[in-house]
Amino acid sequence: MPTRATGARRAAVLGKPIAHSLSPVLHRAAYAELGLDDWSYDRFEVDEAGLAEFIAGVGPEWAGLSLTMPLKRAVMPLLDEVGETAASVDAVNTVVFTEDGRKVGDNTDIPGMVAALREHGIEEVESAAVLGAGATASSALAALARICPGEVVVYVRSAARAAEMREWGERLDVDVRTADWADAAEALHAPLVIATTPAGTADALAGAVPERPATLFDVLYDPWPTELAARWSMFGGAVVGGLDLLVHQAVLQVERMTGRTPAPLEAMRRAGERALAAR
């Protein structure tokens, strides 16, 4: 749903906390490359309680919003339309304001994951493992639904989380088996390992990286590399990082909000790398 890429337009990322977000760096780099000098992209700390008021105050100059936690689900009742991908995981990370005033929700995390893997030569895997069972894990399952016809083993810490992941597997038509986090080292032998856990959680697994690892997709980007990613690279395995995901999902956001295709992926990646190096 492209909007007019002419005239002064606004966009922003919302969430809480939000100060750490790299989205302004990436989107502003895209605007500069596309010659959209009168476009602006900001960040606003907004929680679930303040989201409806913020969206109600958005004027016609607004092109779109990026959403991070805890707003990805909370925004859905406030929208006029939710795309199929977002509906599949009950999570919207992108809102586009159309020229006729409608608010349309989408999810670029899932195709962003697929695009990041494709960029590293991963078009299809016969099986996979997922570390963790939070919101990002459900997005990982949705991405794997597109590239993995075989079993996906999800390593979790509780029976409740295991049940949730099996439910997501049924909903997304993914063959999900759950396993206890105590056995998470076994995950590292899978053709593709997607680590979705918070910073530091998977560090203890670094010592269990096999001699010939396949591909690790670690969704973290700060700090980077994680201990697991560093060890994985040391043993010659392919590593896809959180910045890869962040850039690819932001590319799709820029395209949806501006109507310009393709968005300047490499310029956005360089801007992200510079910003992380400066931290």
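**Helix packing and the sheet**

Q: What should I know about the source?
A: The model is predicted: local features need pLDDT of at least 70, side-chain atom pairs count only at pLDDT 80 or more, and totals for chains, interfaces and linings use all residues. Residues are numbered from 1 along each chain as its sequence is written, and side-chain values use heavy atoms, without hydrogens and water.

Q: At what angle do H1 and H8 cross?
A: Roughly 55 degrees, and the axes of H1 (residues 23-34) and H8 (residues 242-258) come within 10 Å. H1 is therefore oblique to H8 (under 35 degrees is roughly parallel, over 145 roughly antiparallel, 65 to 115 roughly perpendicular, the rest oblique). Axes are fitted to C-alpha atoms, for helices over the stretch in contact, with angles from 0 to 180 degrees between N-to-C directions.

Q: Which residues in H1 meet H8?
A: Leu26, His27, Ala30, Tyr31 and Leu34. Their partners in H8 include Leu246, Ala250 and Met257 (contact means heavy atoms within 4.5 Å). By class, this contact of H1 with H8 has 9 nonpolar, 3 polar and no charged residues.

Q: And how far apart are the axes of H1 and H9?
A: The axes of H1 and H9 (residues 265-277) are 8 Å apart, at an angle of about 140 degrees. H1 and H9 are thus oblique to each other, and H1 passes H9 in a right-handed crossing.

Q: Which residues in H9 does H1 meet?
A: Ala267, Met268, Ala271, Gly272 and Ala275 in H9 meet Val25, Leu26, Ala29, Ala30 and Glu33 in H1. That contact of H1 with H9 has 8 nonpolar, 1 polar and 1 charged residues.

Q: New topic: what is the strand order in the sheet?
A: The open sheet of 6 strands runs E9-E8-E7-E10-E11-E12, with parallel pairing (strands pair if DSSP finds at least two bridges between them). Neighbouring strands are turned by 20 degrees against each other on average, direction ignored.

Q: How many bridges join E8 to E9?
A: There are 6 bridges between E8 (residues 151-156) and E9, and the two run parallel. Glu151 stands opposite Asp175 in E9, and Val153 opposite Arg177.

Technical notes. Helix = DSSP H or I, 4+ residues; strand = E, 2+ residues; numbered from the N terminus. Nonpolar A, V, L, I, M, F, W, Y, C, P; charged D, E, K, R; others polar. Left-handed = near helix turned anticlockwise from the far one by under 90°.
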